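Please look through the sequence and the model shown here before reading on.

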Amino acid sequence: MFSTKWLWRTAGSAALLSTLLCAFGFGYAVNQILYPEPAPTAIPGEAALQPAVKKEEAWEVKNQIRIVAIGDSLTAGTGDLAGKGYVGHVKEKLEQKLGKPVFVYNNFAIPGFRTYDLLKDWDAKQDITKSLGEADLVLMTIGGNDLFEGGTGIFGETGEGFNPQAAADRIPEAAKRLGQIMERTSKAAPNARILYVGLYHPFLDLDPEKAGAPVVQRWNAAAFEAASRYPNITVVPTYDLFELNLNKYLYTDHFHPNAAGYERIAGRIVDILG
């Protein structure tokens, strides 16, 4: 009789425990459906143990910095007798600031290039896209020859004074090509910082009424508008660097910067890079 009672008590306890477990499980399942936990953002495994590297911090964790340059004579360094140009000065200043090697991986700039020359050259050289894809920093100047034709055809019929309309007439088509160049560059170098160096007014001392200033600013505004479409492109203003000290920072050709002018541009670039 004693064993029968013990058996029924054991079975009853087991049934009660089973019922409680089922009720708890049902309640937990309902809670997960109504109030689901957010999915983990990290990928399970070893990588999940490492904190994500923010985009702005990626620059700091690199062992070295690779620079690729494209554009015209300013990027080539014409006017700097030491041959550095702003690209070389940026290299040196970044090495000092970051305390790590900085290399000019490739400089594809060619003096005299206009926007359509750059696009044509890019189509002919597959290594431009490849090099840009391996760059950490892309430096670029283009457009000065589109507007000023190296100084040809911008003066009045008498050869005296400055004719801003000749430069203004070239802006619409050249700005469209600049947009194409920026689009290509951003796609080719999605992980790089891309800096487009804006234009200054090299003939300001021949333009006492500053009639050409709005023309140059129109170009720079078009560059800002085009660059704003791409998160990795920044425009570097240079107009103010030359405005009050034009002769001090221009080369003898009255068009390109001299060594001191290029160093000022490089200083502005490094400041923007932070």
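Trp-219 lies in helix α10, where helices (H or I, at least four residues) and strands (E, at least two) are DSSP runs, numbered from the N terminus. With a relative accessibility of 0%, Trp-219 counts as buried; buried means under 20% relative accessible area, exposed over 50%, and partly exposed in between, with a 1.4 Å probe and protein chains only. The model is a predicted one, in which local features need pLDDT of at least 70 and side-chain atom pairs count only at pLDDT 80 or more, while totals for chains, interfaces and linings use all residues. Residues are numbered from 1 along each chain as its sequence is written, and side-chain values use heavy atoms, with hydrogens and water left out.

Leaving aside neighbours within four places in sequence, Trp-219 is in contact with Ile-142, Gly-143, Leu-147, Ile-171, Ala-174, Ala-175, Leu-178, Tyr-196 and Leu-199, where contact means heavy atoms within 4.5 Å. Between the C-alpha atoms of Trp-219 and Arg-170, which are 49 residues apart along the chain, the separation is 9.8 Å.

For the protein as a whole, the secondary structure comes to 13 helices and 5 strands, and 41% of the 274 residues count as buried. Of the contacts between residues at least 6 apart in sequence, 77% join residues at least 24 apart.

Helix α10, which spans residues 213-227, makes a right-handed β-α-β unit together with β4 and β5; a crossover is right-handed if, with the strands pointing away from the viewer, the path from the first strand over the helix to the second runs clockwise. The two strands of this unit, β4 (residues 193-197) and β5 (residues 233-236), run parallel and are joined by 4 bridges, two strands being paired if DSSP finds at least two bridges between them. Within this pairing, Val-197 stands opposite Val-236 in β5. The loop between β4 and α10 holds Lys-210, a residue that has a positive phi of about 55 degrees although it is not a glycine. Lys-210 counts as partly exposed, at 40% relative accessibility.

How many residues of β3 are buried? The count is 5 of the 5, so β3 is largely enclosed by the rest of the structure. In a regular strand the side chains alternate between the two faces of the sheet.

Because its relative accessibility is 0%, Leu-137 counts as buried. Not counting residues up to four places away in sequence, Leu-137 touches Trp-59, Arg-66, Ile-67, Val-68, Val-90, Leu-94, Ala-192, Arg-193, Leu-195 and Leu-273. The C-alpha atoms of Leu-137 and Ile-67 are separated by 4.8 Å, although these residues are 70 apart along the chain.

The model also holds 1 cavity of 30 Å³ or more. On a 1 Å grid over the protein atoms alone, a cavity is a set of points where a 1.4 Å probe fits but cannot get out, and lining residues have an atom within 4 Å of a point. The largest cavity has a volume of about 110 Å³, a volume being the space filled by probe spheres set on the points, with grid points joined across faces, edges and corners. Its lining is formed by Asp-72, Ser-73, Leu-74, Thr-141, Gly-144, Asn-145, Phe-148, Leu-199, Tyr-200, Pro-202 and Phe-255. The elements that give two or more residues to this lining are α3 (73-76) and α7 (144-148), and α7 gives the most, with 3 residues.

Finally, His-254 is placed in the loop between α12 (246-249) and α13 (259-273). His-254 has a positive phi of about 65 degrees although it is not a glycine, and it counts as partly exposed at 22% relative accessibility.

Notes:
1 Å grid on protein atoms, 1.4 Å probe; cavity = no way out; pocket = protein on both sides within 12 Å on 5 of 7 lines; lining within 4 Å.
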